[in-house]
Amino acid sequence: MILDAKIPAGPLAEKWSKHKFNLKLVNPANKRKYNVIVVGTGLAGASAAASLAELGYNVTAFCFQDSPRRAHSIAAQGGINAAKNYRNDGDSVYRLFYDTIKGGDYRAREGNVYRLAEVSVNIIDQCVAQGVPFAREYGGLLDNRSFGGAQVSRTFYARGQTGQQLLLGAYSALNRQIHEGKVKMYTRTEMLDVVVVDGKAQGIVTRNLVTGAIETHAGHAVLLATGGYGNVFYLSTNAMGCNVTAAWRAHKRGAFFANPCYTQIHPTCIPVTGDHQSKLTLMSESLRNDGRVWAPKTVELAQKLRKGELKVTDLKEEDRDYFLERKYPSFGNLVPRDVASRNAKEVVDEGKGVGASGVAVYLDFAESIARLGEDTVRAKYGNLFDMYYQITDEDPYKVPMRIYPAVHYTMGGLWVDYNLMTTLPGLYCLGEANFSDHGANRLGASALMQGLADGYFVVPYTVGDYLATIGPKPIDTTHPAFAQTKKDVEDRIQQLIALKGTKTVDEYHRELGHIMWEYCGMARSAEGLNKAKGLIAQLKVDFWKNAIVLGENEEFNSSLEKAGRVADFIELGALMIEDALNRTESCGGHFRVESQTEEGEALRDDEHFAYVAAWEYTGEDKPEVLNKEPLVFENVKLTQRSYK
Amino acid sequence: MNLTLKVWRQKNASTKGAFVTYKADGISADMSFLEMLDVVNEGLIHKGEDPIHFDHDCREGICGMCSLYINGQPHGPKRAITTCQLHMRTFHDGQTITIEPWRAGPFPVIKDLAVDRSAFDRIQRAGGYISVNTGGVPDANEIAISKVLADEAFNSATCIGCGACVAACKNASAMLFVSAKISQFALLPQGQPERYNRAMAMVEQMDKEGFGSCTNTGACEAECPKEISLTNIGRMNRDYFTAKFLKEEEEHKS
Ligand SMILES: Cc1cc2nc3c(=O)[nH]c(=O)nc-3n(C[C@H](O)[C@H](O)[C@H](O)COP(=O)(O)OP(=O)(O)OC[C@H]3O[C@@H](n4cnc5c(N)ncnc54)[C@H](O)[C@@H]3O)c2cc1C
Ligand code: SF4
Ligand code: FES
C-alpha cells in the first residue's frame, strides 16, 4: 500500500496556514448533526473533546478511570515547551522545530514537527486563559526554565506538577461542555473494539468496567487519544492502567502501527528494589540541571559500596567517575535522555553499579548544595527530594540519589497522516498514542506540548474536513457490523473467562516485561531479538492455556480487565521485536549494538532507514507486512548527532 | 514482616459488606502499601479467590485515584501523603491493619474498597471553569499576576480530588475540596468575571449531592495529602455569601 502522509506542498512555514485554508468547513447549522467519539480524556483527548464540542459537534467521550482528571497526563512533572522566546535568548519556532527534528534523530516528518512548534505558542495562551497556574516571576510574568539539554529556556512549568495543572485546565474546558450538554462523558468504561462500516470507522464497542455491560456507540468519526504503551515492559514510569488495547484493537481493524520499537528510556528513575515492584518512579529530568551523575572508578570500589564496607560520602573525589562530564564535555550531565541512559547501563554492565542490587548510578547534589546553599536547592527541587526520601528512606540532601533508567515514553504508535487520520478512514489518533512528531527520541517537555497541540489546534480543523466530506447523514448502531463486532468482543471475553490455569496474569505480564527489557530495551542485537521472538511466541501460547482469570463478565472484575490488556501487550511485544529486528541501524532510543560508531555512539543509516516503518496486520498469527513511508528532508541537513 | 489484615469486602453496591481477615506474610519494608496488597491478591488469585478490589493508577501521589481508610485514617498514618506513597516501613512485624473504603453517603461503595466519587466531577461541571473557548485568547504575558497571588492560587490548585477530606469528616463535608477549586479561580484575574456565579453554582451542587456542612473541626485539613488549608473554606464562604447577596439585590430590583 502507498502511504500518503498528505503533507502540504510549499515552504515549511506556510504549510499549515495553507492547509487550514484548503480544509473543507462544516456549515455551522450542520455541526450539531455530527457525533464524534473521543476515546481517552487525558491531555490530548480532553482538549479535543472540549474544542470539538465548542465548535458545535456532539461529542461522546470515554475513559477507564473514574474521572477524566486522573488520566496518566496528570503525572507529568517537568514542564511544557513553547517557542515563546519570552527570555529573548534566541528561541524561535524554527529553533524548536530544528531541536525536535534533531533530537528525534531525523526520524520525524518536517511538516508535522514544524506545525507542532508553530502552535506551541497558542497552547500557553490557552492554558493561561483557563487559569492554569504556571510558575511566575516577581514581575508577574511567566517563568521559564531550560529543560532536557535545550540551549534556550523555553519550558513553562507549574512546580513539579505541570501535567496535573494542564490536565485540570483541559478537564475544566471539558466539564464546561459536559455541563452544556455537548459532551456525554462515560467514565470507568473501556473501549474494546472499533466498528468498521464500508471501510470507515463509525463506532466502538465498550465495556462498562463496573457492571460488565457491553455496549456499542456510533459516530461519524472516532478519535483515539489513549496514551502510550510503555507498560509492555511491565515496569515503567507509566500509571498502572496505561495500556495498548484501544490502539491494538484498531490496528487489528486496519490501522497501521508505526515504529513500535521506538521507546524512550528515561535516565533518572528510582532503581528497582525487588520482584514485588509494581511501577517505577521518575525523578524529573530537571534534576540533571544541578545534579552530577557519577559512578565509582573501579569495580572493587563499587563492590565495597554495595556490601556497605564503604560509605558513599567517604569516597574520595579522585575515585569518582563523572562519566557524562568526562565523555561529553560540552553537554555534560545534560546530554539527551537516550545518551544518558545508555551510559548508565554501560557503567552498570561493567560492574560499577551501586546500591544493594548494583543496578544504579549516583546523582549527586553535594556540589550544588555547596554552591547555592541547601535552601535554594530545596526551593527548586524540594518536592522531588521529598518523594525520593519517601520511597527510599534516604535523604538526598546528605547522600547522593541512586538512579537508573526506566521505560518512560513510547514514540511509536498508530500511523497517522498530516491530518492525524490513521490508515482506517474516519479513525484519528492523537497524543502519545500516535507515532507522529518525536521521531526516534522525544525531547523533554514535548509530550505535553504535542498532546495539547493535537487536541486544541490540529484535530478540530482536520476532523471538520473529513466530516464535511462524508456529510451529515445520521449514523446509528443498526448496521450489522455493530452486532458482529460486539459479538467478537463478547466471544473474546468468554475465551478469557474460560482460562482457569495456574499462572496469574501479573506473572505473565512480569515475564513479558523481563523479555522486553532484556532484549528490546536499551541495547538490542539480532541475536537477542531473535531469541526474544521465540520466547514471546511461547509466552502467548502458554498464556492462552495456563492463565488464571477469575469471576465473570457481569461484575467489577479487575482480573478480567488485566487479562485483556496483557493479552494485547504480548502481541504488541512480538511486533516491537519484529520492528527492532528490521531496523538494523541505531537511531535515537533504538540502539542496535551492531550499528555504532568507533566511540560507541548510535550510528544511523540514512541511506537505508530514513523511513517510517508502518506495520499492517494481516491476520491472527500471520506475519505483519511492512509498509515504508520515506522521510523527505527539504530544510534540515541530516547530521550525526554529537554531544561531545 | 508478617501482618494481619482486616479488610472490608463487599461484592457490589447492593450487597452488604463485612470484614474478612487475611494473613500477609513475608512483606518487605521497601514495599509500598499497595504493593503489599498486590502480593496478598496474587496469593488469593492462586487460591481461586476473588482479589481485593481497590482503586489506584499513578502510584505516585498525583492522580487521586487511590483511597483507603487505614487503621482509622484516610491514606494511613503518615501526614501529607497518599496511600500509594505509604511504605510498609511505617508498620511493624505482627501488626494488625484494618482497611476500609471511604465512608460517606455521597461516596457509595462500588466494590470492596472502591467508592463512587463522581459527585466531585458533577460539582466541577456545575461551574469549576473559566468560560473561554479554544483560540482567540490574549497572549499569555498580557496578564501579569503577582507572584504572591499566583503562588496562593497554586496552593489551592494542588488538590488531587481524592476525597480524603470527606472521608475524614464526621459530617462528610466536601467543603475543603470545593473551596480549593473555587479559590484557585477566585484568586486569579482570569477567574473574576464568573467568580460569584461559580461559587454559587458549585456550592449548590455540593449541597445537592448530599455532602454535610462544616463544623470547623479541621479533620479534613489534617488528613489532606496535599495540605490544602482551611483558609480556602473562609474564602469560599465569603464568595458564596457575596453571591447570594448579589442575587437578592437582583431580585429586589425586579
Ligand atoms: C512520570 C511521567 C512524567 C512525565 N513528565 C512529562 C513532562 O514533564 N513533560 C512532557 O511533555 N511529558 C511528560 N511525560 C509524558 C506525558 O505525560 C504523556 O506522554 C502525555 O501526558 C500523554 O497524554 P495523552 O493524552 O496522550 O494520554 P494519557 O494522559 O495517558 O491519557 C490516556 C487516556 O485514554 C484513556 N484510555 C486508554 N485506553 C482506553 C480504552 N481502551 N478505553 C477507554 N479509555 C482509554 C485513559 O482513561 C485516559 O483518559 C511524562 C510521563 C510520565 C510517565
Ligand atoms: S482537599 Fe485534599 S483531601 Fe480533599 S480532595 Fe483535595 S487533595 Fe484530597
Ligand atoms: S494511585 Fe494516584 S494518587 Fe495514589
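Residues here count as buried under 20% relative accessible area, exposed over 50%, and partly exposed in between. Keep that scale in mind for what follows, and remember that this is a predicted model.

**Salt bridges**

Searching the whole structure turns up 68 salt bridges over all chains. Let's start with A:Arg253, whose side chain meets that of A:Asp488 in one of them, at 3.1 Å from N to O. A:Arg253 sits in the loop between helix 6 (245–252) and strand 10 (257–258) of chain A, while A:Asp488 belongs to helix 13 (residues 480–497) of chain A, so the pair ties together parts that are 235 residues apart in sequence. With a relative accessible area of 30%, A:Arg253 falls in the partly exposed class, and A:Asp488, at 27%, is partly exposed too.

Another pair in chain A is A:Lys352 with A:Glu350. Here A:Lys352 counts as buried, at 17% relative accessibility, whereas A:Glu350 is partly exposed at 42%.

Over in chain B, B:Arg59 and B:Asp38 form a salt bridge. The pair links distant parts of the chain: B:Asp38 is in helix 1 (33–46) and B:Arg59 in the loop between that helix and strand 3 (69–70), 21 residues apart. Both partners are buried. There's also a network in chain A, where salt bridges with shared partners join A:Asp105, A:Arg107, A:Arg583, A:Glu585, A:Arg604 and A:Asp606.

| Salt bridge | N to O distance |
|---|---|
| A:Arg253 and A:Asp488 | 3.1 Å |
| A:Lys352 and A:Glu350 | 3.1 Å |
| B:Arg59 and B:Asp38 | 2.8 Å |

**Two domains in chain A**

Chain A splits into domain 1 (266–408) and domain 2 (484–626), with C-alpha centres 31 Å apart. In the contact between them, 11 residues of domain 1 meet 10 of domain 2. About 820 Å² is buried between the two domains, and carbon and sulfur atoms give 60% of that. On the domain 1 side, A:Asp275, A:Arg342 and A:Lys345 supply 54% of the buried area, more than any other three residues.

**A helix in chain B**

Helix 3 (residues 147–157) of chain B has these buried residues: B:Lys147, B:Ala150, B:Ala153, B:Phe154, B:Ser156 and B:Ala157. They pack against helix 5 (162–179) of chain A, along with helix 5 (175–187) and helix 8 (231–253) of chain B.

How values were computed:
Residues numbered from 1 in each chain as written. Chains lettered and ligands numbered in written order. Predicted model: local features only at pLDDT ≥ 70, side-chain atom pairs only at ≥ 80, totals over all residues. Heavy atoms only, no water. Domains from an automatic or database assignment. Contact = heavy atoms within 4.5 Å. Buried area = accessible area lost by both parts, 1.4 Å probe. Buried < 20%, exposed > 50% of the residue type's maximum accessible area, 1.4 Å probe, protein only. Helix = DSSP H or I, 4+ residues; strand = E, 2+ residues; numbered from the N terminus. Salt bridge = Lys/Arg side-chain N within 4 Å of Asp/Glu carboxyl O.
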